[in-house]
Amino acid sequence: MLPSKYTSAPKGGRKDIRNLKRIFPYIWEYRGRVLIALLSLVLSKVAIVGIPLVFKEIIDILDQSDKSVIAIPISLFLLYGFLRLSGSLFNEVRDAVFSRVRYRAMRRLSNKVLTHLHNLSLRYHLERRTGNVIRDLERGTNSVSQILNYMVFNIVPTFAEFILVAFILLGQYEAKFAIITFSTVAIYVVFTLLVTEWRMHYRHKMNELDSKANGQAVDSLINYETVKYFNNEIFEVKRYDTTLTDWEDSAVKSTTSMSILNFGQGAIIAVGLTFIMIYAGQGVIDGKMTLGDLVLVNTMMLQLFIPLGFLGIIYRMLKYTLADMDMVFNLLDEKPEIINSTNGKALHHINGEIQFEHVDFSYQGDRKILHDISFTVKPGQKLAIVGHSGSGKSTLARLLFRFYEINGGRILYDDQDISQVTQESLRQAIGIVPQDTVLFNETILYNIEYAKPGATHEEIIRAAKLANIHEFINALPDGYNTAVGERGLKLSGGEKQRIAIARVILKGSPILIFDEATSSLDSQSEKMILEALSSVAQTHTTLVIAHRLSTITDSDQILVLEQGRIIEQGTHQILLAKNGLYADMWALQLQESGNEKD
Ligand SMILES: Nc1ncnc2c1ncn2[C@@H]1O[C@H](COP(=O)(O)OP(=O)(O)OP(=O)(O)O)[C@@H](O)[C@H]1O
Ligand SMILES: [Mg+2]
């Protein structure tokens, strides 16, 4: 299938000039190299333009009527060879010198974009497919390298050559030669651009239909079973063929229009050359020009058209590339939702007190997820949050990390508003075992150490032991170097959770959040881990989100959430005495576990 890059027309309304200006700093870093590359470019062009000049001299000498007087003009032949050699030498020097500039620009831009993507909010990323973002990143950074390429390898050299040829023609010959040459070039350029613009439509259509046909074929094969269930093989092939019929038409038109373009270009050159030849021939007859001059003007003109042969392609690619570049710079202009406040200080003196003051929050629009949430957790205390699925428990945990801005109220750690401190210091202060643990596609060691790069081996093993996973890891053939697979899929749910627990223990933040951290474990392992955790947690403030109420009866405080509101609050005993939702949930779970035991 074709990359989607070629399937749709680049959109207009871009800020190409602004974008081009924005590449400039990347080139400026290597201004020395750029200068050398440009110098090589000019030298190679001088050499190439010099070739027909020497050629002319050679012809004129060989053409002298009195053949006996002349020796072979050996120095001219040597010069001729030397010019050819320098032409290609400086060409290569330019490529070699410039490649560092190009790739460094790409590297720096890629880094910048990835950094920026990490700065953008969770909301931004949840709304986009990661695959698409990465494709944009790749195309965007490629576009910068390509633009530089086109500039240095096509556009600027072609201009340089035009200028040199103009000097020679104007300097040595009558003005009409320059006029004919450059009018031919102008007509050629205008013709090429117009026809290319018109043709692009067929190309897009063809590519679009090609993707569509592929999509249909893939879809019908993915649904192989369904197709058979409904006896629809013929229907599927017909659908595919309808698209292919249109594709065939567009493809033929695209090829035909290509012929029109090529022929038109050829015709323009032919007409221009004919005029040049007529005038030059007349000049020779009149004795104003030599045979060498005739060859020279002819060659110069032909040489000018060599780079122009790619004009159509370059024009088309340039359009796409500018569109890609616009995309990447627009991405860079995307404002991060969460920004450090201008006078933001690092969170300091963290004892672990958490305070919510009338917090309201909605992910989008009017659908409020949390309403007027207020509570305080003292340092070292354990707070449990319970409630039905979707009541907003994980959302509350996310707000503690400031992944989203709240709509009202304040969240404070030790009397410091989290919107006023730097995000880094805030996130350093909290550790979380999230509801769904996703691991990096690396080794177990890498995943645990991630919490504290450079941790000692002892620290890692201690954390793994506390999380009750050390023995399991040791029993694996590769031990701590076992690869966990994409997103950690080679491990069971419970194993992943325990790795996540080990990693949060290693981080050693003063505040710990466990969002259903033991939900995938059997009661036996859960009990062991909870014991380990409670010893870790003694010096930490912990916030536990749990479905199994038996795990949180010892909490200092329990919040019961219902549709984003705190409806009950207190210790286990107090809540039982209230006989409300908590007491109901407790009774229900007692009954279930009683049934299990029967
Ligand atoms: N990124 C999001 N954008 C919009 N709505 C969201 C987003 N994440 C969660 N929600 C919604 O917010 C509500 C609360 O979700 P949350 O994950 O906090 O529930 P929960 O109490 O943790 O549930 P569970 O016990 O099932 O984990 C849900 O109705 C959910 O659909
Ligand atoms: Mg949740």
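**Entry 1: the shell around ligand 1.** I sorted the shell around ligand 1 by class and found three nonpolar, nine polar and one charged residues. Here Ala, Val, Leu, Ile, Met, Phe, Trp, Tyr, Cys and Pro count as nonpolar, Asp, Glu, Lys and Arg as charged, and the others, Gly among them, as polar. I was working with a predicted model, where local features need pLDDT of at least 70, side-chain atom pairs count only at pLDDT 80 or more, and totals for chains, interfaces and linings use all residues. Residues are numbered from 1 along each chain as its sequence is written, while chains are lettered from A and ligands numbered from 1 in the order in which they are written.

Which residues are the closest to ligand 1? I noted Tyr363, Ser389, Lys393, Ser394 and Thr395, out of 13 that surround ligand 1 (C-beta atom, placed from the backbone, within 6 Å). Helix H11 (residues 393-400) supplies the largest share of this shell, three residues. Helices are DSSP runs of H or I, at least four residues, numbered from the N terminus.

**Entry 2: the cores.** I then looked up the largest nonpolar core, which has 65 residues. Such a core is a set of buried Ala, Val, Leu, Ile, Met, Phe, Trp, Tyr and Cys residues joined through C-beta atoms within 7 Å; buried means 20 or more other C-beta atoms within 10 Å of the residue's own, placed from the backbone. Ile385, Ile448, Ala463, Ala467, Ile501 and Ala502 touch the most other members. Helix H16 (residues 493-507) gives the most to this core, seven residues. Apart from this core I found another, of 19 residues, including Val49 and Met300.

Notes
Helices (H or I, at least four residues) and strands (E, at least two) are DSSP runs, numbered from the N terminus. A residue is buried if 20 or more other C-beta atoms lie within 10 Å of its own, exposed if 12 or fewer, and partly exposed in between; C-beta atoms are placed from the backbone.
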